[in-house]
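Keep the structure open beside this text.

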Amino acid sequence: MFDPLAPVTACDIEIDLRAECGGRDPDRYNPRVRTLHRHFWGMKPLPNGETLRLESKPTDYRMSCASSFGDAQFTSDTFASSFQDWVRMQDLITEVRENDPDDQRQFESLRNTFASMVIFPGAQVDRQPTINQARGYISQIADRPDLTLECIRLFYEGRTQAREGEVLVNPLAPALSRYDWFFEWFGSFRGYVDFFLLQDLVDDDDDTVKFLLPHTGFDRPGCPQDKAEYTAYRAAAITALEGRRDRMIAALGSQN
């Protein structure tokens, strides 16, 4: 049985958090997730020197934080989608499960580990979608981590409008703008990436996003369209998630 007071170890990072809570959404139903968020994001300072001290109650999936920026509420988000729960993707998921059962099992398990989890502000503003909600229902993002990060990068660049003329340049801009205070905490896109250990999705030389599928703009749906695209997306996502897992384990080791 999970003990929220026990020290965090590498095993906590590698466990399938969805399987642990009976196949339910781990962001909502697994208390281990909140313990890991409190540990990892509270163990190092923000760029301004403050510490992100998250608090939560055993029966509440939300987390709170008080700082000089004000009080805030957060929820966990499984960042990298496998599309296993998307109704319109079920035929494709069935196909890859039948043809590549081992690779698909690895991906579905890995994306349910803490290596695939981030936090976003969880309280709606003016009854508008949160970042977590928006990245799921906007078809050009489709819950993909790379496309979400690209929108965040553009937001830090000042691209705070969804469209420029007729061109859709930042589909998440309205949702990100509602929580601009959150992104101010990290100072820059690089600050955000480094804080949340997302370096495996970003090029170190120029801070551009490493896309999991070829990207030329937000002019098409974000979800893979066929088996070849899904297989390429899955392989790239596994590489990124394994890299983030290793960074987390190394971060734990540096504490000892």
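Start with Cys-11, which is exposed at a relative accessible area of 58%. Buried here means under 20% relative accessible area, exposed over 50%, and partly exposed in between, with a 1.4 Å probe and protein chains only. Cys-21, by contrast, counts as buried at 11% relative accessibility.

The model is predicted: local features need pLDDT of at least 70, side-chain atom pairs count only at pLDDT 80 or more, and totals for chains, interfaces and linings use all residues. Residues are numbered from 1 along each chain as its sequence is written, and side-chain values use heavy atoms, leaving out hydrogens and water.

How many disulfides does a search of the whole structure find? It finds zero. A disulfide is a pair of cysteine sulfur atoms within 2.5 Å. Cys-11 is in none, and the nearest cysteine sulfur, that of Cys-21, is 18 Å away. Seen from Cys-21, the closest cysteine sulfur is in Cys-11, and 18 Å is too far for a bond.

Now the helices. Helices are DSSP runs (H or I, at least four residues), numbered from the N terminus. Helix α5 (residues 90-99) packs against helix α6 (residues 101-110) at about 120 degrees, with the axes 5 Å apart. That makes α5 oblique to α6. Axes are lines fitted to C-alpha atoms over the stretch in contact, and angles run from 0 to 180 degrees between N-to-C directions. Under 35 degrees is roughly parallel, over 145 roughly antiparallel, 65 to 115 roughly perpendicular, and the rest oblique.

On the α5 side, Ile-93, Val-96, Arg-97, Glu-98 and Asn-99 meet Pro-101, Gln-104 and Glu-108 of α6. Contact means heavy atoms within 4.5 Å.

Helix α8 (residues 145-156) has 12 residues. At 1.5 Å a residue they should span 16 Å, and the end C-alpha atoms are 17 Å apart, which agrees. The expected span is 1.5 Å times one less than the number of residues. α8 is mostly covered, with 11 of its 12 residues buried. Among them are Leu-147, Cys-151 and Phe-155. Just after α8, Gly-158 takes a positive phi of about 100 degrees.

Finish at Ile-13, in helix α1 (residues 10-14). Ile-13 is buried, with a relative accessible area of 0%. Leaving aside neighbours within four places in sequence, its contacts include Phe-40, Phe-114, Met-248 and Leu-252. Thr-59 lies 46 residues from Ile-13 along the chain, and their C-alpha atoms are separated by 22 Å.

How values were computed: Helix = DSSP H or I, 4+ residues; strand = E, 2+ residues; numbered from the N terminus.
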